[in-house]
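Biologist: Can you take me through this model? I'd like to start inside one chain and then move on to the contact between chains.

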2 protein chains.
Amino acid sequence: MDLLFNKTLQVQVKCKDCDDRRTFIRVSIELQLTSNPVHRKDLVVRLTDDADLYFLYNLVISEEDFQSLKVQQGLLIDFTSFPQKFIDLLDQCIAEQDKDHPRFLLQLSSTSSALDHSPASLNVVETNAFKHLTHLSLKLLPGSDVEVKKYLAACLATVKQEKEQLQQRLRTTEEDLSRQLSYAQQ
Amino acid sequence: MDLLFNKTLQVQVKCKDCDDRRTFIRVSIELQLTSNPVHRKDLVVRLTDDADLYFLYNLVISEEDFQSLKVQQGLLIDFTSFPQKFIDLLDQCIAEQDKDHPRFLLQLSSTSSALDHSPASLNVVETNAFKHLTHLSLKLLPGSDVEVKKYLAACLATVKQEKEQLQQRLRTTEEDLSRQLSYAQQ
C-alpha cells in the first residue's frame, strides 16, 4: 500500500432537486500492490468526511479499467503517470478553493436526490470565460456496510495508537519537566 | 442510555470441535430508555474484544423478553432487580478469575465450530464439589455489519475526543511546567 495523496479539499456537491453546496471532503489516493494471483497495481481513490464517520466513497482502478477510462475521456497519459496528473489537478483545486470564482473546482455530483447510497461522480472542472471544461470525471460507489466497517476499524486502530503515543509523551513530558523543575528549585 | 457495567472479564470459550480456551472479553450492560412509541426500558448486553475490533455480540432484553427468560430459567427476581443480580454474578466471576479452580466462571459457548457469525450462550457457571450449576444463560447474537459499523463509529468518536483532550492536556502541561521552570531558573 502506497499512500500518494491524503488531503481535505473543498468540494461542490450537486444533487438532483437540491441546491448546490460546498463542503469539505478528504480525498485519498493509494496505490495497492497485489501479488496474488498475479502481480498487479490498483489505484484506489477514496472519499471520506472527517465530520461524518459513515461517509465513504470508493473507486478501484486497475490497469485494464484505466484503458477504458483513457478511451472514454480522451486521456493522453498512461496508467503510470495518471496518479500524479490526478494529484496535480487536485492541487490546482486546492490552490483556487478560497477564491470567489475558482478556475479549478472539485465537484461531487449525484443524479439521485441525496448523496447517500448512490453512485456519484467526482469531477475536476475548469471554468474559463467560455465554458466549463471537465478535465476528469471518476465514478465512485458508496461504501457498503462491510467496507465502512473495515474503514472504521482501520481508523480506530490508528487513533488508538496515536492516543497511546500521546499518553506516553504526556508522561515523559511531565517527568522530564518536573525533574528539571525540582533541580532548578534546589 | 444508562451504562451499568463495563469491564473486561476472563471468559472460557467453548466451541464445537475445538479445545476450550480462556480469553478476555469486555462485557457492557446498558439500560436503554425508549419513549417512542411507548415508554420502555431495554437491557442491552454487549460483548466486545479490545484486541479484535470486529468482535461484537449483542442481546437486547425487553421487559416481555425477561418474562420468558424468567420462566425458562426459573429466576425468582423481577426485571428491575435483574441487572444488579447479573452484575453481582459477573463480579463474582471477576473475583475468582485468577484462581486455578474458580468457583464462578463466565463461559461463552457456541454449538458451531467457531465463534464467528453464529449465536453463542453467555453462561455464569458455578462449580461445586458435586456439579456445574448454571446460574444464568443468555443467548447472544453476533453483530451484523451495520451493528459493527455503528459500534466502531461510536468507539472512533470517543477515542478521537479522548485524543483531543490528551493533546490539550499535553499543551497546557508543557506550558505550565516551562513557565514554572523559567521562573525557578531566574
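Biologist: How much area is buried between domain 1 of chain A and domain 2 of chain A?

Modeller: About 570 Å², with carbon and sulfur atoms giving 66% of that area. Keep in mind that this is a predicted model.

Biologist: Where are the domain bounds?

Modeller: In the domain assignment of chain A, domain 1 covers 2-143 and domain 2 covers 144-186. Their C-alpha centres lie 33 Å apart.

Biologist: And how many residues are in contact across that boundary?

Modeller: Eight residues of domain 1 of chain A are in contact with six residues of domain 2 of chain A.

Biologist: How many salt bridges are there across that interface?

Modeller: Zero salt bridges are found between domain 1 and domain 2 of chain A. The count of residue pairs in polar contact between these two domains, with both residues at pLDDT 80 or more, is zero as well.

Biologist: Which elements make up the domain 1 side?

Modeller: Strand E3 (40-49) and strand E4 (52-61) of chain A are the elements giving two or more residues to the side of domain 1 that touches domain 2. E4(A) has the largest share, at four residues. By class, that side of domain 1 of chain A has four nonpolar, three polar and one charged residues.

Biologist: OK, switching to the chain pair. How much do chain B and chain A bury between them?

Modeller: About 2,900 Å², 76% of it on carbon and sulfur atoms. On the chain B side, B:Lys149, B:Leu156 and B:Leu170 supply 20% of the area buried against chain A, more than any other three residues.

Biologist: How many residues does each chain bring to the contact?

Modeller: Chain B brings 29 residues and chain A brings 29 residues.

Biologist: Which part of chain B gives the most to the side that touches chain A?

Modeller: H3(B), with 26 residues. Strand E4 (52-61) and helix H3 (145-185) of chain B each supply at least two residues of that side. The residues on the chain B side divide into 15 nonpolar, five polar and nine charged.

Biologist: What does A:Lys163 form a salt bridge with?

Modeller: B:Glu162, with the closest N and O atoms 2.7 Å apart. A:Lys163 lies in helix H3 of chain A and B:Glu162 in helix H3 of chain B, so the pair joins two chains.

Biologist: And which residue meets B:Arg169 in a salt bridge?

Modeller: A:Glu174, at 3.9 Å from N to O.

Biologist: Last thing, confidence. Where in chain A is it lowest, and where is it highest?

Modeller: Helix H3 (residues 145-185) of chain A is lowest, at a mean of 90, and helix H2 (residues 82-96) of chain A is highest, at 95. The mean pLDDT of chain A is 91, with 100% of its residues reaching 70 or more.

Methods:
Residues are numbered from 1 along each chain as its sequence is written. Chains are lettered from A and ligands numbered from 1 in the order in which they are written. This is a predicted model: local features need pLDDT of at least 70, side-chain atom pairs count only at pLDDT 80 or more; totals for chains, interfaces and linings use all residues. Side-chain values use heavy atoms; hydrogens and water are left out. pLDDT is the predictor's confidence in each residue, from 0 to 100. Contact means heavy atoms within 4.5 Å. Buried area is the accessible area (1.4 Å probe) that two parts lose on being put together, summed over both. A salt bridge is a side-chain nitrogen of Lys or Arg within 4 Å of a carboxyl oxygen of Asp or Glu. Ala, Val, Leu, Ile, Met, Phe, Trp, Tyr, Cys and Pro count as nonpolar, Asp, Glu, Lys and Arg as charged, and the others, Gly among them, as polar. Domain bounds come from an automatic or database domain assignment. A polar contact is a pair of N or O atoms within 3.5 Å; within protein, one must be able to donate a hydrogen and the other to accept it, and residues adjacent in sequence count only if both atoms are side-chain atoms.
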